[in-house]
Amino acid sequence: MFYATGPANFLDIPNIEKTLSDIVNCNTLSVAKMTRMVLPQMLTRKKGIIINLSSEVGRHPQPLVTVYSATKRFVDFFSRGLEAEYRSQGILVQSVLPFFVSTNMTNNIKPNRFVKTAENFAREALNTVGISSRTSGCLSHSVQSFIYDLLCPEWLCLSSLGVKYTQAVWRKLEAQMTALKHEQARTHMPK
Ligand SMILES: NC(=O)c1ccc[n+]([C@@H]2O[C@H](COP(=O)([O-])OP(=O)(O)OC[C@H]3O[C@@H](n4cnc5c(N)ncnc54)[C@H](OP(=O)(O)O)[C@@H]3O)[C@@H](O)[C@H]2O)c1
């Protein structure tokens with residue numbers, strides 16, 4: 001789950017009480033509890049693969065999507081710790097940290113060389129299972145992650161200048177997504 005109305009400062013998250021519980025429960029608690037449900041039978045069979053979806057924003061603290069970013073950090077740490085605990089017993093745990101993928105969560109943003117379709121992303125990501133236990137999921141996102149690390153060191157992203165820039169980028173993305181939503185609504189309207 002992401003914030004219903006897009007990136008926001010912590011106290012400006014709409015319907016904050018409910019949203020906090022929903023996001024934290026859905027993005028973190030469900031991952032640990034689902035693992036609790038499926039892991040025992042995998043251990044009995046001495047094999048199993050668990051693929052958890054973190055996010056690029058789980059690599060570094062991300063102002064304006066702070067809660068979401070923190071929950072994605074949970075998923076990444078949980079997956080990596082779990083992999084270390086159970087690898088020797090035949091269990092693979094993979095942490096996937098994508099950039100943008102065109103899905104409901106991203107308002108079906110138009111795919112391009114940076115934004116993957118869900119199908120293409122899933123296909124590429126599945127090819128990394130057994131090869132990498134922590135991955136961006138596809139070549140395009142790995143390259144973006146590498147460049148992001150080079151150009152956006154944490155001290156810069158968390159500075160007031162960095163936060164202002166991030167705000168501007170999110171606004172631009174939101175405007176694109178809203179325009180796309182309107183376009184989709186217009187083209188699907190009965191004549
Ligand atoms: N799309 C991206 O750019 C992107 C980037 C990085 C990481 N991710 C991660 O990838 C994963 C999949 O996201 P997505 O992009 O595929 O988004 P999505 O299309 O919106 O899918 C989200 C899924 O979560 C389910 N869900 C949402 N709220 C729920 C709730 N309260 N209880 C139970 N299930 C709930 C939805 O179920 P329904 O279908 O029933 O609504 C849907 O199956 C997420 O963990 C996301 O953080 C996505």
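**Notebook: salt bridges, a cavity and a patch**

I began with Arg-186 and Glu-183, which both lie in helix α6 (residues 160–187), three residues apart, about one turn of the helix. For my own record, helices (H or I, at least four residues) and strands (E, at least two) are DSSP runs, numbered from the N terminus. I keep in mind that this is a predicted model, in which local features need pLDDT of at least 70 and side-chain atom pairs count only at pLDDT 80 or more, while totals for chains, interfaces and linings use all residues. Residues are numbered from 1 along each chain as its sequence is written, and side-chain values use heavy atoms, with hydrogens and water left out.

**Entry 1: salt bridges**

Side chains of opposite charge can pair when their charged atoms come close. I noted seven salt bridges in the structure, where the term stands for a side-chain nitrogen of Lys or Arg within 4 Å of a carboxyl oxygen of Asp or Glu. Arg-186 and Glu-183 form one of them, with their closest N and O atoms 3.1 Å apart. I then looked up the accessibility of these residues, using buried for under 20% relative accessible area, exposed for over 50% and partly exposed in between (1.4 Å probe, protein chains only). Arg-186 is exposed at 52%, whereas Glu-183 is partly exposed at 36%.

In helix α1 (residues 16–45) I found Lys-18 and Asp-22, which are separated by about one helical turn because they are four residues apart. Their salt bridge has its closest N and O atoms 2.5 Å apart. Lys-18 is partly exposed, with a relative accessible area of 47%, and Asp-22 is also partly exposed, at 26%.

Next I turned to Lys-116 and Glu-124, whose side chains meet in a salt bridge of 2.9 Å, N to O. Is Lys-116 buried or exposed? Lys-116 is buried, with a relative accessible area of 14%, while Glu-124 counts as partly exposed at 28%. I also wrote down a network of salt bridges that links Asp-76, Arg-80 and Arg-134.

**Entry 2: the cavity**

Rolling a probe the size of a water molecule over the atoms shows where empty space is left. I found one cavity of 30 Å³ or more, a cavity being a set of points, on a 1 Å grid over the protein atoms alone, where a 1.4 Å probe fits but cannot get out, with lining residues having an atom within 4 Å of a point. The largest cavity has a volume of about 30 Å³. Which residues line the largest cavity? I listed His-60, Pro-61, Gln-62, Tyr-148, Cys-152, Pro-153, Glu-154 and Cys-157.

Leu-139, Val-143, Phe-146, Ile-147, Leu-150 and Leu-151 make a nonpolar surface patch of about 650 Å². Such a patch is made of residues with over 30% relative accessible area and no salt bridge, nonpolar side chains (Val, Leu, Ile, Met, Phe, Trp, Tyr) being joined within 5 Å. Leu-150 is found in helix α4 (residues 139–151) and is exposed, with a relative accessible area of 59%.

From Phe-146 I looked across to Val-96, 50 residues apart along the chain, and the C-alpha atoms are separated by 15 Å. Val-96 lies in strand β2 (residues 91–96) and is buried at 2%.

Last, I looked up Asn-25 in helix α1, a partly exposed residue at 38%. The C-alpha atoms of Asn-25 and Thr-71 are separated by 9.2 Å, although these residues are 46 residues apart along the chain.

Notes. Patch = residues over 30% accessible without salt bridge, like charges linked within 9 Å, V, L, I, M, F, W, Y side chains within 5 Å. Areas by Shrake-Rupley, 256 points an atom, 1.4 Å probe, with all protein chains shown as cover. 1 Å grid on protein atoms, 1.4 Å probe; cavity = no way out; pocket = protein on both sides within 12 Å on 5 of 7 lines; lining within 4 Å. Points joined across faces, edges and corners; volume = space filled by probe spheres on them.
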